[in-house]
Amino acid sequence: MADISPYTEARPSQAGKIALRWGLYLLLGLFAIFYLMPLFVMVMTSLKSLDEIRTGDLISLPREVTFDAWRTAWSGACTGIQCEGMRPYFWNSMLIAIPGVAISTLLGAMNGYVISQWNFRGANIIFSLMLFGCFIPFQVVLLPMARMLGMMGIAGTIPGLIFVHVIYGLGFTTLFFRNYYVSIPSELTKAAKVDGAGFFRIFWSIFLPLSIPIIVVTVIWQFTQIWNDFLFGVSFSQAGTQPVTVALNNIVNSTTGVKEYNVDMAAAIIAALPTLLVYVVAGKYFVRGLTAGSVKG
Amino acid sequence: MSPILEINNLFKSYGSTEILKDINVSIEEGDFLVLVGPSGCGKSTLLNCIAGLEPISGGALSIGGRDMTTVSPKDRDIAMVFQSYALYPTMTVAKNITFGMKVRGVDAATQAEKLAYVAQQLQIEPLLKRKPGQLSGGQRQRVAMGRALVRDPKLFLFDEPLSNLDAKLRVEMRTELKALHQRLGASMVYVTHDQIEAMTLATKIVVMKGGVIQQIGTPSEIYNRPANLFVADFMGSPAMNLIPAKTRSSDAGTHIEIARENDAPIVLSDSKNRDLPQDVILGVRPEDIADAAKLAGGEAQGAECLIDIVEPAGADTFAVMQLGGKHVTARLHSETTAAAGLPQKLTFDLGKASYFSPDTGLRLN
Ligand SMILES: Nc1ncnc2c1ncn2[C@@H]1O[C@H](COP(=O)(O)OP(=O)(O)OP(=O)(O)O)[C@@H](O)[C@H]1O
Ligand SMILES: [Mg+2]
């Protein structure tokens with residue numbers, strides 16, 4: 001019987017396809033290794049003793065795994081004259097990041113809701129101005145902001161840092177929510193108005209439940225921004241309110257005598273861990289949220 | 001008693017485009033007002049203005065005798081079904097329907113009772129736990145209806161609420177709506193593209209075109225005495241035949257002469273209408289042109305016409321011919337002997353004929 005399968009013809013190119021596929025994987029794998037290399041070196045170094053670092057080479061596995069460096073980094077390393085490790089600063093960062101993220105996300109959601117669903121005169125101008133806020137280089141605002149914090153009496157405090165991060169996060173959070181809400185048909189708001197719901201009721205009962213994907217996006221974005229911030233942290237804090245990024249810098253720069261690479265590496269990883277965690281936990285939703293658009297009623 | 005809805009000189013523009021021009025409508029309690037008009041003529045916009053969802057650019061509007069021109073939608077005591085349904089995507093069907101009552105603080109027992117009643121009426125009981133995303137278009141539409149029907153407002157606004165239902169369900173819902181209207185005596189403003197819906201439901205029809213009201217009247221007035229060529233052409237399916245004709249007055253009445261290609265003109269006489277200008281457009285409904293045997297007496301007059309197309313449609317058969325340079329449709333008996341390409345003896349009944357001016361398009365008689 002004659003073979004009339006339409007796939008016969010395609011067989012040679014099938015092999016080509018597989019080769020291409022594997023070639024792609026290989027290339028992607030190489031890139032992944034390239035990107036992961038620094039992290040690998042950091043983790044390995046943090047698990048070695050100082051002796052081993054001095055004698056061994058950079059990418060070799062530790063002969064003897066020790067968590068001493070981690071312990072020191074967390075609670076014993078010196079930042080200048082104090083030797084409390086990263087721990088107090090880690091909590092400072094948490095105290096700044098969590099309210100900062102929550103407030104800026106909530107306000108951004110409100111802004112986006114008002115701008116996209118409650119047509120008022122000048123909505124577009126206000127939105128453009130807020131967008132402009134996203135592109136102002138932070139260095140420009142340092143001095144005015146310092147003065148303002150001073151006048152408000154919250155200079156050098158954690159609420160002061162929260163305030164700064166909320167203000168500079170608003171542009172982005174508003175942008176995210178506004179673009180998300182623009183695709184929601186205005187009839188939804190209209191129907192709710194006829195049903196008797198007011199401004200906050202509509203926001204709370206109809207828009208917030210719709211916003212999970214964009215809330216995830218905004219939270220990840222804001223958390224990364226606030227947690228990783230160094231400039232505001234170093235400019236607007238004082239002893240005792242410094243965030244983890246500033247502490248890391250101080251630990252790495254203020255070691256006297258022998259440079260403790262393992263402690264530096266452990267401290268760096270500690271500082272980066274929360275953002276890594278947020279990506280791992282919510283990264284899936286991040287991508288989904290960025291691509292999710294229209295809501296079909 | 002003051003009218004339940006009164007609209008005076010309403011204008012509405014988006015930017016510099018005027019969408020609604022000088023709208024004047026008034027309906028009494030218990031009226032069923034149907035808005036018809038071609039797509040984009042401003043029907044939904046008018047409903048939005050009545051609901052207070054779009055600010056109006058001029059004029060005034062009162063509901064239940066109270067001036068509502070600037071009152072917010074939630075205080076207008078209206079319920080509305082949106083053309084796009086506008087169901088709340090994150091709420092279940094049941095929650096969608098009860099949201100309005102919940103917001104207004106109706107107690108839970110009443111909510112449940114009304115929900116059950118409306119769900120049964122609209123045949124959506126099995127769907128109550130689903131989200132709108134898991135419903136078909138027709139099901140969503142019924143949920144949207146339910147959301148309005150659980151309320152007890154002064155005025156219902158419906159924007160094509162049955163457009164997505166299958167033929168059978170649509171007839172059922174239509175009957176249901178009519179019963180509801182009669183039972184509650186509720187006042188309604190209803191937008192539809194469906195001629196039969198308009199005719200069967202309305203106590204009053206408003207025909208709009210390009211944001212201007214063309215005619216307001218009872219279904220029978222709109223159907224039998226269209227105010228202009230647009231209304232004549234728009235209402236009724238198949239549409240009214242609009243045939244250019246020449247008139248000649250005599251003692252017996254007016255002679256109407258319709259030119260034909262390759263044939264002698266048809267001359268009909270109308271004893272009722274006199275003083276018509278020489279050039280008119282004669283409007284005759286398809287059912288007023290019938291088999292010779294069917295229409296007799298009164299104004300019926302026979303003429304033999306060459307049939308071009310025969311379209312059987314169940315109960316009737318439509319025959320199309322050329323008169324006065326136009327396609328003219330006659331509604332014949334289903335067992336008619338008419339055949340395409342052959343002449344057929346037909347009767348014209350001018351008893352309900354309309355005459356329009358070819359220049360202004362306005363009704364002459
Ligand atoms: N927000 C808006 N901005 C500008 N023009 C608008 C807006 N909304 C509607 N229009 C215009 O107003 C006109 C009337 O629209 P409307 O929705 O009232 O039509 P409609 O009669 O309901 O049509 P349909 O039968 O297709 O639903 C249309 O020409 C439309 O383009
Ligand atoms: Mg419409």
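This note covers two contacts in a predicted model: one between chains A and B, one between two domains of chain B.

1. Conventions. Residues are numbered from 1 along each chain as its sequence is written, and chains are lettered from A in the order in which they are written. In this predicted model local features need pLDDT of at least 70 and side-chain atom pairs count only at pLDDT 80 or more, while totals for chains, interfaces and linings use all residues; side-chain values use heavy atoms, without hydrogens and water.

2. Chains A and B. Chain A gives 18 residues to the contact and chain B gives 25, where contact means heavy atoms within 4.5 Å. About 1900 Å² is buried between the chains, 65% of it from carbon and sulfur atoms; buried area is the accessible area (1.4 Å probe) lost by two parts on being put together, summed over both.

3. Charged pairs. Two salt bridges are counted between chain A and chain B (a side-chain nitrogen of Lys or Arg within 4 Å of a carboxyl oxygen of Asp or Glu). One of them joins Asp195(A) to Arg151(B), with the closest N and O atoms 3.8 Å apart.

4. Domains of chain B. Domain 1 spans 5-234 and domain 2 spans 241-356, with bounds from an automatic or database domain assignment. Their centres, taken over C-alpha atoms, are 39 Å apart.

5. Domain contact. Nine residues of domain 1 of chain B touch seven of domain 2, burying about 680 Å². On the domain 1 side, Tyr223(B), Asn224(B) and Leu229(B) lose the most area, together 66% of what that side buries. Between these domains the count of salt bridges is zero.
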